[in-house]
Amino acid sequence: MSALLVFESMYGSTAAIAEAVAAGLADLRIPTTVCEVGMAAVPTFHTRPSLLVIGAPTHQRGLSTERTRDVARGDVAETVSRGDGVREWLDQLVGRVSGQPTAVFDTAVAGRLSGSAAATIGKRLTKAGAVLVVPPESFTVTGRSSGLLPDELEHARSWGRSLALFAAAAAAGGS
């Protein structure tokens with residue numbers, strides 16, 4: 001079993017969560033390739049991972065757009081993700097993810113009105129035929145560019161460990 005974790009990150013919080021999730025998967029011996037979305041190849045039938053994990057920051061209650069990424073880039077000297085985001089990458093997955101075990105996460109400011117990029121990703125993937133092995137997960141940031149709440153990295157690593165267990169169970173059930 002192997003995993004591919006693709007993420008979009010502007011200020012670094014989502015990138016840090018991605019690395020922590022990968023560490024949790026590695027704790028249970030699931031080799032994971034972590035890739036910033038601009039560097040991620042679209043999986044094909046022959047390169048399909050056992051588990052596809054996708055994460056993104058929540059922008060205006062959902063996935064980032066070209067406009068929201070431009071606004072974010074205006075806040076700092078340099079962002080982690082410099083080109084297209086997860087929204088555009090997902091467009092390339094149509095017809096390629098039927099039956100693909102997946103998991104999704106986001107980073108978002110706390111609050112019931114903040115929305116969820118993970119929910120949007122999950123809906124798009126399941127509509128394309130992918131199978132979510134766990135519900136979408138959110139990790140909390142303190143503000144738009146100010147970083148993660150304390151303990152969110154441990155939360156992410158723990159989620160990665162549980163994700164490995166659910167993915168292994170899903171794979172065993174499908175065999």
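What pattern does the chain follow when read along the sequence? In this predicted model, the order is β-α-β-β-α-α-β-α-β-β-α. That order comprises 5 helices and 6 strands. The radius of gyration is 15 Å, close to the 16 Å that the globule rule gives for 175 residues, so the chain is as compact as a globular protein of that length.

**Overall dimensions and packing**

- Taken along the principal axes, the box filled by the C-alpha atoms is roughly 50 × 35 × 30 Å.
- Of the 175 residues in the chain, 45% are buried.
- Among contacts with a separation of 6 or more, 79% are between residues 24 or more positions apart.

**Surface and charge**

- Positive side chains number 16 and negative side chains 16.
- The centres of these two sets of charges lie 6 Å apart.

**Val109**

- Strand E4 covers residues 101–109 and contains Val109.
- The relative accessible area of Val109 is 39%; partly exposed residues fall between the 20% limit for buried and the 50% limit for exposed, so Val109 is partly exposed.
- Leaving aside residues up to four places away in sequence, Val109 touches Ser114, Thr140, Val141, Gly143 and Arg144.
- Thr14 is 95 residues from Val109 in sequence, and their C-alpha atoms are 12 Å apart in space.

Definitions and conventions: Residues are numbered from 1 along each chain as its sequence is written. This is a predicted model: local features need pLDDT of at least 70, side-chain atom pairs count only at pLDDT 80 or more; totals for chains, interfaces and linings use all residues. Side-chain values use heavy atoms; hydrogens and water are left out. Helices (H or I, at least four residues) and strands (E, at least two) are DSSP runs, numbered from the N terminus. The radius of gyration is taken over C-alpha atoms; the globule rule is 2.2 Å times the number of residues to the power 0.38. Buried means under 20% relative accessible area, exposed over 50%, partly exposed in between (1.4 Å probe, protein chains only). Contact means heavy atoms within 4.5 Å. Lys and Arg count as positive and Asp and Glu as negative; His and the chain ends are not counted. The place of a charge is taken as NZ of Lys, CZ of Arg, CG of Asp or CD of Glu.
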